[in-house]
Each structure stands twice: as structure tokens, then as C-alpha cells.
Amino acid sequence: MVGGRMTELVLVRHGESTANRDNTYTGWSDVPLTTAGIAQAHQAGKRLRATGLQFGAVHTSVLKRAIVTANIMLAEIDQLWLPEYKTWRLNERHYGALRGQNKDTTRQEYGKAQVQQWRRSFNTVPPLLAPAELDHDRRYTKYGAAVEPRGESLKMAYDRIMPYWIDEIAPRLLAGQNQLVVAHGSTLRAMIKYLEHISDDGIDGVEVANGVPICYHLDSRLGVTGKDEY
């Protein structure tokens, strides 16, 4: 708290992507927003503008559905000039060999209970990509081959996100700067788990809607004192 004022952290899941529309697993695949997703990003920005919040920085993944959503929102709140930090650590959870598959089809093939475990449990790892199927995308080469996973549980995504929280987001919040994070359903669930002290079992029931700003009011030690959705 600086000058008696709470610090605000706003989390936003990107607008609808083509994979959301088609009900397919995406993960680190770099799919675009749909027309509806672009509209959701504009609406999220308009709702955030109505709050009058001013931010010190925005953090997003290196996937275009999050980056484009962030840029649309920054334009709507007239803060395009903000520093924008893009990191692989905020990428969506990697769905391994499930990527590109239709979710309903996998339910028919593997059963609803198994798919629910893959999608929502904290510790369950999806079927892994074969090593030869890794993309070796140029955006990750500077970090070394080990950065690109063959598949991740939510816990594995949580473990890669937390160093970024500790090094980049928390210090800015502690300095009294409101922060905006535009990322993905699973990785935002991981952050919400941390912020709200949700149990490993409890996180199973947490959903994050596309394009809905979630605002956490934080005290001087970054404890959550309140939460609003816009």
C-alpha cells in the first residue's frame, strides 16, 4: 500500500481463439483470435477503462492470442505506452500429444473422467509429445532446448510461472505500481491458486472466462483484501 492506497493486480484471459471456437486443445500452439475474441478484448478494455485504473506495466505470454488481446486492451484504456513484458513463463499449459485434438473426440476415446483429469487436475500430466514432434520454435531458442516441454501438468506450469511472479510482477506491485497480466486459462488458474491459497484439489473447479478482467486488491504484503470481476 502506497499513500494509503491498495495496489491492484488485474488478470485477463485472452479473447476467444480459433481453438476455443473449435473446442480443440491448444497449449503452446500459436493460434489467432476469432472475430468474437477481438470483440471480447475491446469489451474487456472498455470495462477496465471505466474503473480508471492506471498501470505500471503489462505482462503477457509470447503467444499472439494473448499479445493481441493485451494490445487491444491497452489501446482501449489509452495506455499503449506502457512497458510490455512478454515471457514464455506465462504461456498456456502445454497439452502435449493432445494439442490440436478436439476435446469431445478425446472424451469419446479416453472417457470423460480421464479427460477431466488431464484438463483440470493439478498434478496429472497429459500424454507427452514424442521428442521428434517438438517444434524448436525460434522464440524459445535463446532459453535452451529444455524450455519447450513435451507436455505439462498444471503444477508444472505453476512451477515455471512462480519465478516470474517473484522476479518481475511482485516487486512492481510492492513498489505501488498496478500490474496487468494478460495470459491463458490454465496459467491464470495457477496464479489464482497462489493468490487465493486454493488447495491442489480445489483448483479443479476454478474456471477463467475469456476476456473478463479479474481485479485483486492487494495490501502492502501482497495479501488479497478483495476481488472484483469487470
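**Sheet and surface**

Strand E2 (residues 57-60) and E3 run parallel and are joined by three bridges; strands are DSSP runs (E, at least two residues; helices are H or I, at least four), numbered from the N terminus, and two of them pair if DSSP finds at least two bridges between them. Val-58 has Glu-84 in E3 as its bridge partner. This is a predicted model, in which local features need pLDDT of at least 70 and side-chain atom pairs count only at pLDDT 80 or more, while totals for chains, interfaces and linings use all residues. Residues are numbered from 1 along each chain as its sequence is written, and side-chain values use heavy atoms, with hydrogens and water left out.

These strands belong to an open sheet of six strands with mixed pairing, in the order E3-E2-E4-E1-E5-E6. Strand E3 (84-86) and strand E6 (224-229) are the edge strands, each pairing on one side only.

Helix H3 (residues 64-76) packs on the sheet and touches strand E1 (7-13), E2, E3 and strand E4 (179-183); contact means heavy atoms within 4.5 Å. The direction of H3 makes about 140 degrees with that of E4, where axes are lines fitted to C-alpha atoms, for helices over the stretch in contact, and angles run from 0 to 180 degrees between N-to-C directions.

Tyr-216 has Lys-227 in E6 as its bridge partner. The two strands E5 and E6 form a hairpin with five residues between them, and Leu-222 in the turn has a positive phi of about 65 degrees.

Finally, Leu-128 lies in the loop between helix H5 (112-120) and helix H6 (154-174). Leu-128 counts as partly exposed because its relative accessible area is 43%, between the limits for buried (under 20%) and exposed (over 50%), with a 1.4 Å probe and protein chains only.
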